[in-house]
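Please examine the sequence and the three-dimensional structure shown below. The report that follows describes how its chains meet and how selected elements are arranged.

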Amino acid sequence: MAEKLTLNLKELSKRTEGLASGHRACAGCPFPAIIKMILGAADDPVVVANATGCMEVVTTIFPYTAWPVPWIHNAFENAAATISGVESAYKALLRKGKIPGNKKIKFIAFGGDGGTYDIGLQSLSGAIERGHNFLYVLYDNEGYMNTGIQRSSATPFAAHTTTSPAGKVIPGKTQHRKDLTEIVAAHNLPYAAQASPSHWNDLIRKVRKALSVEGPTFISIISPCVPGWGYPEHMSIELAKLAVETKFWPLYEVENGYYKINYKPRNPLPVIEFLKPQARFKHILNRPDLIEEIQRFVDERWERLLWLEQRKPEENK
Amino acid sequence: MAVKNRKRMALTGNEAYAYAMKQINPDVVAAYPITPATEIVQIFAKYVADGLVNTEFVPVESEHSAMSACVGASATGARVMTGTASQGLALMHEILYIASSLRLPIVMAVVNRALSGPINIHCDHSDTMGSRDAGWIQVYTENANEAYHSVIMGIRIAETVNLPLMVTLDGFIISHEMEVVEVLEDQEVQEFIGERKPLYNILDVDNPITVGPLDLQDYYFEHKRQQVEAMKYAKEVIKSVVEEYNKKFGTDFPAFIEPYRMEDAEYAVLAMSSAAGTMKEAVDLMREKGEKVGLVRLRVFRPFPFEELREVFKNIKAIGVMDRADSLNTMGGPVFNETRSALYDLETRPKMMGFVFGLGGRDFPIEDAIHIIERVKALKEGKKVDMVEYIGVRE
Amino acid sequence: MKKKGWKELPEGAIIPAAPTSPEFKTGDWRIQKPVWNEDKCVHCLLCWLYCPDSAIKVKDGKVVAFDYEYCKGCGICEQVCPPKIRAIEMVKEEI
């Protein structure tokens, strides 16, 4: 168990520098900051498995790597299966005395929404069900950004992507996003959460919490995408914050089946405030019916979370 | 040449393979059941449950994840094994290439089974032939006894050259038939395989490395060139490991090819796996009739032993090459095509024809084996034959 | 840097010593650059936290430098600097 779950930035800055400089992420991409928070949050050494995607591509163009920790990339859809193999080997080698018994290592897999919601869902489900001791971090930029912005099942309703283009007849994606955190929670794992880089304190606490429990854990983190969402590159953190303030991206956690919303905006903003700065929604700014549909979806999910949160563990009743 | 009385066990091919795995006691086994390889996983799971091995067994949710977990596990320096067949191998296909390019010596049983479609569960070689360019060493075995010993040798070979290796056995024909297997003592197995000395280890948190980076135009070709060199090196290692094994344990396994009654042969057949056993009998029968025919059994398909084939066939006038898979290229199967290519540079080039047989588990009776010999004889005599003939299929 | 041949490269396409990316400079991506006013800075470290390029250097809990060899000029540091402080200002990059 981590000594305490929160860290201030001074403490964090002494624990990590994050990714090394020189990686090729787009200017303003928020996932390097997310990685910094995660690597800094970990008390023990970590080994990382990374799904194919932007993060893998921009941080490891041979012979340059930006990773300060052992890192393995296998393929697109199998980060969870890969880390489950690493973790299994660790257990076997400990048991056989081939590595010292006091050598504590934590295992973290990173995947984007393509590698997690879609092509890698089976691998993730399998690894969680088997109960491997690892943290899966989903950085959700709501589309296949690495291949040039195509829809994923994380892409929001009405968003324009190159495979859900806003056309004369069809106004972008015709389906709402899938609720992956709920799907993961249905595996009855010890800990699942949603976080945002804008709320760094909450994010770091969640990572420390996840790394302190035995068994599979999952954190879904919103990661705005400059070219994919279409906004000025200085706005990444601001947009992540707007996603939270509009309740588009609720910050919550599911611990042993019990839900807790970690942040309830006192004066929630209408979802349009989150949509407005993004070019992928530009075509619906004059379509109040579509904006209303997104608002309805956001409100409904929020209501559902409030309802789920009512069930409290025995000691808190 | 029996050095001492070996323990003899009646085992099916699957049981023999699983028994070898037990004696190897790998660090990690990640596997998914599939007919006709299911028993290997089942038997091994029971070994784990009974505490007969201290392997971490990962019962994954698909073959894709099986190979993916094997890659992750092997990258720690652990000794890793798995097994599959047919569709399972096809589902692993993507990760097979990654395992070999990361130079991870995973050892896998493949119980040969026809690939869909149409769906079928019986033996042919379309599965492993589909993986022939994945950068894995491929060893095709004739019977359960050979499969058992090939697994043990396979660990040493794979871990010496840092390439993954598959040992194949014919589905049902070998996997489910009971035979006498002469087994080694556990201690002998452990001593022979020794400890794995990995190229790298991602659990070394004090010396972090990056495994599987994006490798573009500037370096991808160099890394592929290294794999070619590793395959060349595998030839030396296979030869020396098989020699050492034979010497140590009194066995007489061939390294790459097994010539059978080739001494004064004028024409010959090249066959693999269990069909070679049937063909040996057919050769004996034809020899009794005075035919100067021989057989070469091809045991290792990757790396392809082109030098050994050139040597054994250099004075042969006509050769029939048997394939239990068809490349659907209108010129037969891969063994035929590669062998023909290998012999192209011989001073006196033999006449060659291909035979595709046994697809989807179609029986290969002795009559068909004799028929093949007769067709190769016709080829030798200059009679008209097809470049590729299909054996045992109804017109 | 002379590119290595296949006989010289480590096998398995691994990168044996991490991290090596600082050998690749990204500062020339920049079209605007952050100017840091040390006097105004309260060292809250938000700019350090959010800098995607690890270009803001911190020592003993204090911002000490901006590394223009890597800064891509995204402007997030200016954006996250507390409004009452405003110790970072983006200016047009002079070429």
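Two strands pair if DSSP finds at least two bridges between them. Helices (H or I, at least four residues) and strands (E, at least two) are DSSP runs, numbered from the N terminus. This is a predicted model, in which local features need pLDDT of at least 70 and side-chain atom pairs count only at pLDDT 80 or more, while totals for chains, interfaces and linings use all residues. Residues are numbered from 1 along each chain as its sequence is written, chains are lettered from A and ligands numbered from 1 in the order in which they are written, and side-chain values use heavy atoms, with hydrogens and water left out.

**A strand pair in chain B**

Strand E4 (residues 80-84) of chain B is joined to E5(B) by 4 bridges, and the two run parallel. Within this pair, B:Thr84 has B:Val110 of E5(B) as its bridge partner. In general, strands of a sheet pair through backbone hydrogen bonds, either parallel or antiparallel.

Strand E5 (residues 107-112) of chain B is largely enclosed by the rest of the structure, because 6 of its 6 residues are buried. Here buried means under 20% relative accessible area, exposed over 50%, and partly exposed in between (1.4 Å probe, protein chains only). B:Val107, B:Ala109 and B:Val111 point one way from E5(B), whereas B:Met108, B:Val110 and B:Asn112 point the other way; all are buried. In a regular strand the side chains alternate between the two faces of the sheet.

Contact means heavy atoms within 4.5 Å. Buried area is the accessible area (1.4 Å probe) that two parts lose on being put together, summed over both. A salt bridge is a side-chain nitrogen of Lys or Arg within 4 Å of a carboxyl oxygen of Asp or Glu.

| Chains | Residues in contact | Buried area | Salt bridges |
|---|---|---|---|
| Chain B and chain A | 42 residues of chain B, 44 residues of chain A | about 3,300 Å² | 6 salt bridges |
| Chain B and chain C | 18 residues of chain B, 15 residues of chain C | about 1,500 Å² | 2 salt bridges |

Of the area buried between chain B and chain A, 62% is on carbon and sulfur atoms. B:Leu203, B:Val205 and B:Leu214 supply 19% of the area that chain B buries against chain A, more than any other three residues. The elements that give two or more residues to the side of chain B that touches chain A are strand E3 (56-59), helix H3 (63-74), helix H4 (86-101) and E9 of chain B. H3(B) provides the largest share of that side, with 7 residues. By type, the residues there divide into 22 nonpolar, 12 polar and 8 charged. In this division Ala, Val, Leu, Ile, Met, Phe, Trp, Tyr, Cys and Pro count as nonpolar, Asp, Glu, Lys and Arg as charged, and the others, Gly among them, as polar.

Towards chain C, a salt bridge joins C:Lys3 to B:Asp218, whose closest N and O atoms are 3.3 Å apart. On the side of chain B that touches chain C, two or more residues each come from strand E9 (210-211) and helix H8 (220-249) of chain B. H8(B) gives the most, with 5 residues.

Which strands form the open sheet of 9 strands? Their order is E8(A)-E7(A)-E5(A)-E6(A)-E4(A)-E3(A)-E1(A)-E2(A)-E9(B), with mixed pairing. The edge strands, each pairing on one side only, are strand E8 (258-261) of chain A and E9 of chain B. Strand E2 (residues 71-73) of chain A runs parallel to E9(B), and 2 bridges join them; A:Trp71 has B:Thr210 as its bridge partner. Strand E5 (residues 191-195) and strand E7 (residues 252-255) of chain A run antiparallel and are joined by 3 bridges. A:Ala192 stands opposite A:Val254 in E7(A).

**A covered helix in chain A**

Helix H10 (residues 236-245) of chain A is mostly covered, as 8 of its 10 residues are buried. Among them are A:Ile237, A:Leu239 and A:Leu242. The buried residues of H10(A) pack against strand E6 (217-222), helix H9 (226-230) and helix H11 (272-275) of chain A, together with helix H1 (46-50) and helix H2 (76-80) of chain C.
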